[in-house]
Amino acid sequence: MEEYNGRRYQNCNVLHFDGTEYLFSHRAILTLVTTASCNAACKFCSNEITFTPNGPFLEMNPDLGRVIDFAELAGVRKVAFTGGEPTANPAKLARLVSAVAPRFHRARLHTNGFGLAKTVETPHGHRELLPVLIASGLTGASLSIAHHETTTNRHIMRIKGRWGGMSEDDVRWVASHASDRFTPRLSCVLSSEGVHKLKDILEYIEWGVSLGIKKFIFRSCSQIPEPFQKGTAYSDYNEAEYIPIEPLVREFGMLDGVQETYTQHKSDSHVHVFQLGDDVTVDIDESSEEEDPDSKIRRINVMPDGVAYTSWIDPRSHLFADDATRVSDTIRRELPLLSAL
């Protein structure tokens, strides 16, 4: 318990860094949005419904080093690498993971799988990206696949070019790297065009298990409040395709051999975790984004513009004061409704 500005907070500590005082949650996570670019145009893409400032692929530099030093001092134990599509630049991703992952207890990659089998140069010769990342400290990978049927998956994820998304052989190959050190997971966004009923979820799980996957997450489309939402077709899709999870959670929990092991209900997040049989774990999540309710820092998101933010949706939440000019440019460019307030 900490007292900060006359209020008392749980599960946090006060951190003094570069002459400034910060209130930091013990459960906070660092996310590195490596790039805004992607080889897909998923209809449910959260990057396209709120601000995701563009920039070059994230690489280690003094600005990012400052963020990582801050996170370490604050006791952050988890880092995630996401995009855009991080594996579209395998060499840069490999360098970033090798520099960052060893400084954290857990490190997860969020990817559609595009570049996992591409080769990168290492001191021991050329090797496929995934085992290089694991050797550098990656402890998990969340593979975005909207549907187990290839044509439906490509329709929803709108994958560009000749690559059609992860094949069954690709998923099986990733699953073969599972160990006590590394856990792959399949990630599916619920939508009426794809997975949205209990029957669909069970078919998806059966398909994944047959390929060697034991962890799954199903989540609803993101909900973004005005004025943080861009007026795009992606925003319209997320609104129209929002599927509440509670009916699915009740049905899933009534299945034989299923045990609910964790539940979290917050204003911006509903999480239900189930154990299916002896070794299959299923998360069913419903998330919406909101402005941070108080001064406690719950996350640090480094965007491709190199700025660290403490909110997914609010560019005014930049962590360090000297980023104010870049933040103002982002607001004017991406969220004109916000700049008018």
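Start by selecting His16: its bridge partner in β4 is Glu21. Before going further, note that this is a predicted model, where local features need pLDDT of at least 70, side-chain atom pairs count only at pLDDT 80 or more, and totals for chains, interfaces and linings use all residues. Residues are numbered from 1 along each chain as its sequence is written, and side-chain values use heavy atoms, with hydrogens and water left out.

Now show both strands, β3 (residues 12-17) and β4 (residues 20-33), which pair in the antiparallel sense over six bridges. Strands here are DSSP runs of E with at least two residues, helices are runs of H or I with at least four, and both are numbered from the N terminus; two strands pair if DSSP finds at least two bridges between them.

Next, click on Asp18, in the loop between β3 and β4. This hairpin has two residues between the strands, and the phi of Asp18 is near 50°, a positive value in a residue other than glycine.

For another backbone stop, go to Gly83 and Gly84: the peptide bond from one to the other is cis, with omega near 20°. Gly84 sits in the loop between β5 (78-82) and α2 (90-100).

On to salt bridges (a side-chain nitrogen of Lys or Arg within 4 Å of a carboxyl oxygen of Asp or Glu). The structure has twelve of them. Pick Lys43 and Glu193, whose closest N and O atoms are 3.1 Å apart. Lys43 is in the loop between β4 and α1 (62-74) and Glu193 in the loop between β10 (183-189) and α6, so this pair ties together parts 150 residues apart in sequence.

Last stop: select helix α6 (residues 198-210) and helix α8 (residues 246-253), which pack at an angle of about 60° with their axes 10 Å apart. Which residues make the contact (heavy atoms within 4.5 Å)? On α6, show Leu198, Ile201, Leu202 and Ile205; on α8, show Leu248, Glu251 and Phe252.

Methods. Axes are lines fitted to C-alpha atoms, for helices over the stretch in contact, and angles run from 0 to 180 degrees between N-to-C directions. Contact means heavy atoms within 4.5 Å.
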